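Q: I would like a close look at one part of this model. Please keep to its charged side chains.
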Amino acid sequence: MKKFALSLFLLTSSAFLAACGSDEPASGGSADGVEEMTIKFSHVVAENTPKHQGALAMKEYIEKESDGKIEVEIYPNSSLFGDQDEYQNLVANNVQFIAPDLSKFVGNNPQFNVPSLPFMFDNDDEAIAFWDGEKGTEILESLQDDGVLGLKMWPNGGKHLTNNKLPIDSPDDLDGLKFRTQGGQVLEAVYSTLGAGSESIPFSELYTALDQGVVDGQENTFSNIESKKFDEVQKYMTVMNHTRVDYAIFTNTKFWEGMNEETKAIVEAGVEEGTKVAREEAISLNEKAYDLIKERGETEITELTPEQVEEFKKTLEPIYDEFEEEIGADVYEAARAAAGQ
Ligand code: LMR
């Protein structure tokens, strides 16, 4: 009997030790100390966009590495919070991650106008170089009084003009039209400089606003235009690349700092993974979206010649002087350096 009890003890303890051993990653950490929690990530765009793909990669990484102890719920299409209320809900920790278009934060800090500076960046790499640099990081971290921390920039891409009135290929063509913008002083100035009016409208209301003629047009990336089918309700599109949609992933500081070490290491690595995917996917998703818009043939497309682009650049140039004091000569300098100017 004694012999039987001893072998049973040896058997169960070696099974127990084997189980512990198999769970332990080589680093010495484990999912053992990870807190069980549900993290919410809310955004306003569709699923076939760089932002949603980044969020999915983040979810997959965090859930796998935490052995399912951390659940990440993603709410696309303004299904949890929209442009009007996502920031307050992040401050209140009702949502732990949002990734808004940076131009929607210009009311908190005018330096978030950088993506709206006309023709500043030619491509994602230049914009990434700015936001990963010292000035960009400083701006992303400027909301800490509200308990909000900007972690990493996620690009979407250059914006293009759509409208319902006429094919646009010169600055004069915008005269008297009204455009929807994402918001902000610089975008407002872009349109007034071109003789047009503008109005900021939440993304979730944009399709209806275009359909009902509340505004004549709007500016957006190919992936946003295609995934929300704005081409269905816009007769003309001009490929402009004059301003950008760039996001950053923002979190609630108390949530971020309140996680224990094991939990935070996984969530932080998840943000890195999401950043990698969002940055990798942006260009190809926009290219695919442009092809789809062309295929659908709902909107007449104008591609500007280099001379026509120059004309827009020249017309919009005074905006730089107008906003230098508000945005900062140092920010301009850092952005120009990132853009290789
Ligand atoms: C828009 O409001 O047009 C975009 O900024 C939406 C987004 O998040 O890409």
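Within helix α10, about how many helical turns separate Glu273 and Lys276?

A: About one: Glu273 and Lys276 are three residues apart in helix α10. This is a predicted model, where local features need pLDDT of at least 70, side-chain atom pairs count only at pLDDT 80 or more, and totals for chains, interfaces and linings use all residues. Residues are numbered from 1 along each chain as its sequence is written, and side-chain values use heavy atoms, without hydrogens or water.

The side chains of Glu273 and Lys276 meet in a salt bridge (a Lys or Arg side-chain nitrogen within 4 Å of an Asp or Glu carboxyl oxygen). Their N to O distance is 3.7 Å. Glu273 is partly exposed, at 25% relative accessible area; partly exposed lies between buried (under 20%) and exposed (over 50%), with a 1.4 Å probe and protein chains only. Lys276 is also partly exposed, at 43%. Elsewhere, salt bridges with shared partners join Asp124, Arg244 and Asp246 into one network.

The whole structure holds 15 salt bridges. Asp132 is partly exposed, with 39% relative accessibility.

A further pair is Lys135 with Asp330, whose closest N and O atoms are 3.0 Å apart. Lys135 sits in helix α5 (residues 134-140) and Asp330 in helix α13 (residues 329-338), so the bridge links parts that are 195 residues apart in sequence. Asp330 is partly exposed at 38% relative accessible area.

Now the contrast. Asp173 is buried and has no salt bridge. Asp173 is placed in the loop between β5 (160-163) and β6 (178-181). What does the side chain of Asp173 reach at 2.8 Å? The backbone nitrogen of Asp169. Leaving aside residues up to four places away in sequence, Asp173 touches Leu166, Pro167 and Ile168 (heavy atoms within 4.5 Å).

Technical notes
Helix = DSSP H or I, 4+ residues; strand = E, 2+ residues; numbered from the N terminus. Lys, Arg positive; Asp, Glu negative; His and termini not counted. Polar contact = N/O pair within 3.5 Å; in protein donor to acceptor, adjacent residues only side chain to side chain.
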